[in-house]
Amino acid sequence: MGRPNVGKSTLFNRLTGSRRSIVGDEPGITRDRIYGEVAWNGRSARLVDTGGVIPDEEALIPAQIFVQARFALDEAAAVIMVVDGRTELAAPDLDLARLLQKTGKPLFLAVNKIDVETLDAAAENFRQLGLKSLTAISAEHGHNIGDLLDEVFAALPPQVEESV
Ligand code: GDP
């Protein structure tokens, strides 16, 4: 999950490769959700891209999230929140982090667009969100993707159909 343009689709494509499968078909609710399969170290999980469910206008965020993304959240065993590491931390990121924390699900912050290792420090801004897990990644170039997957899979129950 995350605001528009932070790189959710790019991350989704990097994690699922060509294993993207179903596009939801409930008009207005699941049509923006795209499902894919992530394989990692002999395990696999279903990944849901909620791209487009969060509008860019700050005031609309809380209401819209829970109308449109509630289904994805309900079925998720864990949540990856993606932010754009090249921007300053903004109120909508805080709102989203707080709302996601309230679900009680394991929550992983992926600070994206950290394309150069020396830019890792930029991810520090996002420590203010107070999330336990923060990984600086580049969805486009693949930096630290394995680290993110290690953390997420460690939080998933081992023998059930997994959904992230
Ligand atoms: P979404 O709206 O959150 O799904 O974002 P997209 O995946 O469509 O990406 C938005 C823009 O950010 C696109 O132009 C991507 O090419 C770019 N982008 C995504 N990941 C990265 C990254 O790791 N580094 C850089 N520099 N750009 C990225």
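Visitor: How many of the residues of S4 are buried?
Guide: Keep in mind that this is a predicted model. Strand S4 covers residues 79–84. S4 is mostly covered, and the buried count out of its 6 residues is 6.

Visitor: Which residues of S4 point the other way from Val79, Met81 and Val83?
Guide: In a regular strand the side chains alternate between the two faces of the sheet. Val79, Met81 and Val83 point one way from S4, and the residues pointing the other way are buried as well. Those are Ile80, Val82 and Asp84.

Visitor: In which sense do S4 and S5 pair, parallel or antiparallel?
Guide: Have a look at valine 82, which stands opposite alanine 110 in S5. Between S4 and S5 there are 6 bridges, and the sense of the pairing is parallel.

Visitor: What is the pattern of the protein chain, read along the sequence?
Guide: The protein chain has 5 helices and 6 strands. Read in sequence order, they give α-β-β-β-α-α-β-α-β-β-α.

Visitor: Which residues of H1 are buried?
Guide: H1 runs over residues 8–16. S2, S3, S4 and S5 are among the elements that cover its buried residues. Those buried residues are Lys8, Leu11, Phe12 and Leu15.

Visitor: Why do the buried residues of H1 line one face of the helix?
Guide: Picture looking down the axis of H1, with Lys8, Leu11, Phe12 and Leu15 as its buried residues. They line one face because, in that view, they fall within an arc of 100 degrees.

Visitor: Is asparagine 13 buried or partly exposed?
Guide: Asparagine 13 also lies in helix H1. A residue needs 20 or more other C-beta atoms within 10 Å to be buried. Asparagine 13 has 17 C-beta neighbours inside 10 Å, so it counts as partly exposed.

Visitor: What distance separates the C-alpha atoms of asparagine 13 and glutamate 140?
Guide: Along the chain, asparagine 13 and glutamate 140 are 127 residues apart. In the model, their C-alpha atoms are separated by 9.4 Å.

Visitor: Which helix gives the most to the shell around the ligand?
Guide: The ligand is surrounded by 16 residues, and the closest are Gly7, Lys8, Ser9, Thr10 and Glu140. By type, the shell divides into 3 nonpolar, 9 polar and 4 charged residues. The helix that gives the most to this shell supplies 3 residues, and that is H1.

Visitor: Is asparagine 41 buried or exposed?
Guide: Asparagine 41 sits in the loop between strand S2 and strand S3. Its phi is positive, about 50 degrees, although it is not a glycine. Asparagine 41 has 9, so it is exposed.

Visitor: And asparagine 144, is that one buried or exposed?
Guide: Asparagine 144 lies in the loop between strand S6 and helix H5. Here too phi is positive in a residue other than glycine, near 60 degrees. Asparagine 144 has 21 other C-beta atoms within 10 Å, so it is buried.

Technical notes:
Residues are numbered from 1 along each chain as its sequence is written. This is a predicted model: local features need pLDDT of at least 70, side-chain atom pairs count only at pLDDT 80 or more; totals for chains, interfaces and linings use all residues. A residue is near a molecule or strand if its C-beta atom, placed from the backbone, lies within 6 Å of it. Helices (H or I, at least four residues) and strands (E, at least two) are DSSP runs, numbered from the N terminus. Ala, Val, Leu, Ile, Met, Phe, Trp, Tyr, Cys and Pro count as nonpolar, Asp, Glu, Lys and Arg as charged, and the others, Gly among them, as polar. A residue is buried if 20 or more other C-beta atoms lie within 10 Å of its own, exposed if 12 or fewer, and partly exposed in between; C-beta atoms are placed from the backbone. The arc is that of the directions from the helix axis to the C-beta atoms. Two residues are in contact if their C-beta atoms, placed from the backbone, lie within 7 Å. Two strands pair if DSSP finds at least two bridges between them.
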